[in-house]
Amino acid sequence: MSVSGKRSVTITVDGTNKALNIPLMDGTLGPPVADIRKLYGELGLFTYDPGYGATAACESKITYIDGDEGVLLYRGYPIEQLAEKSTFLEVAYLLLNGELPNAAQKAEFDQGVIRHTMLHEQLRTFYNGFRRDAHPMAVMCGVVGALSAFYHDSMDINDPEQRRISAFRLIAKVPTIAAWAHKYNIGQPFMYPRNDLGYAENFLYMFHAVPAEPYHVNPVLARAMDLIMILHADHEQNASTSTVRLAGSTGANPFACIAAGIASLWGPAHGGANEAVLKMLTEIGHVRNVPDFLSKVKDKNEHARLMGFGHRVYKNYDPRAKIMQKACHDVLGELGIKGDPLLDLAMELEKIALHDQYFIDRKLYPNVDFYSGIILKAMGFPTSMFTALFAVSRTVGWISQWGEMIEDPQQRIGRPRQIYTGAAQRDYVPIDRR
Ligand code: CMC
């Protein structure tokens, strides 16, 4: 990042002689950023930007999105190349460390993650506190937060080695926590991780296997799982990542911060959309019902949305959606599912929406969640697990962003301001006089 010193914008306050020259900062990519840090001190002004549509809350070197062009880069590498050529653990190394690993670094990193896959035995009993039908995201918020009570040895956030160990622990344990949330739901025994399997493979094993019989992980499905994890690994300063950063800015421990991120991811406008898409497709039921459904979506009084469509940043195709659509066909082909009615319906819905003026005017395109639910359902995941799988994949992004924030010399506690529109100061009135 550089402050050019040459370019600036000037704010003048109408009716006064007050003005401030605001320097413009340039990143490697993306629009220039007006450095308004002196705005309040010099002019006594706040800025108003609900939803942070035009606010850069931090400097970051991890992920870049060009929403107009539909570009997503992890540490400079296009998502398409990583999806085709890399693996989730390699991407995890890249996000955390900034560069792709060589063979020795990769082997050491994989080993560092793998040795932490088991959960403390006492965490098993923690699950019993949940109702049998607890949503996996509720379990994940609770159990990931509870890790804070188990790793007192690695919670000094100012020690880089302790931060590294916490990152390994989180990346390694979150799949086990998610798989066990499912096992708890269906009353099957928890399956301990198998460290001889790859990361995605081990997750599928813990999720699907039972102790009573051997379980063979289908390599095509393991690769699809790995791909889904790569696509969800990071996504710049989205709501859950910003939540992790905000929680972390107070000095809270990494397990608490990631639990906060999981809570933020849960909502249907964010990670919960994959679950909502499948629910929506099931409710629409048939292609013939699409026009009625779209009329409902366009009617402001209905408060309905085409789930899996639209994005705060992408005003073009979400590049992850394209990869996901292809993966969807590959997985259904591998599983011998021909003419899946939900996929057919999704493709028809996409086609109609992309030609509809409402969606064209608002630049609404399919996002990553539009096809992910169909692929996950075909892979045997219940709908309630979809967002938990997103959380498993995003943990590495969250922890990378958290670590970057801790190391940032500009980092301060996150503390937005407001426009206060409530009552002006007034005196207390005793109850018998109200
Ligand atoms: N269906 C119908 N209309 C929509 C949709 C949609 N999915 N998304 C946005 N719009 C309309 C919205 O009604 C508004 O119209 P108008 O200008 O007439 O008031 C306009 O488009 C702009 O919408 P917005 O709510 O201001 O946009 P936003 O940037 O605040 O919201 C979003 C982004 C992702 C929350 C929204 O597009 C949405 O709710 N999409 C559906 C949920 C979804 O698929 N979420 C997953 C996002 S990708 C994965 C992730 O980040 O977790």
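Student: How many bridges join β4 to strand β5?
Tutor: Four, and the two strands run antiparallel, with β5 at residues 71-74. Strands are DSSP runs of E, at least two residues, and helices are runs of H or I, at least four, numbered from the N terminus. This is a predicted model, where local features need pLDDT of at least 70, side-chain atom pairs need 80 or more, and totals for chains, interfaces and linings use all residues. Residues are numbered from 1 along each chain as its sequence is written, and side-chain values use heavy atoms, without hydrogens or water.

Student: What's the bridge partner of Ile65 in β5?
Tutor: Leu72.

Student: Switching to helices: at what angle do α9 and α18 cross?
Tutor: Roughly 70°, and the axes of α9 (residues 219-232) and α18 (residues 386-407) come within 8 Å. So α9 is roughly perpendicular to α18 (65 to 115 degrees).

Student: Which residues of α9 and α18 make the contact?
Tutor: Met225, Ile228, Met229 and His232 of α9 meet Leu389, Phe390, Val392, Ser393 and Arg394 of α18 (heavy atoms within 4.5 Å).

Student: Where is Glu236?
Tutor: Glu236 is in the loop between α9 and α10 (239-248). Its phi is near 60°, a positive value in a residue other than glycine.

Student: What about phi of His303?
Tutor: Phi of His303 is near 55°, also positive. This residue lies in the loop between α13 (290-298) and α14 (319-334).

Technical notes
Two strands pair if DSSP finds at least two bridges between them. Axes are lines fitted to C-alpha atoms, for helices over the stretch in contact, and angles run from 0 to 180 degrees between N-to-C directions. Angles under 35 degrees count as roughly parallel, over 145 as roughly antiparallel, 65 to 115 as roughly perpendicular and the rest as oblique.
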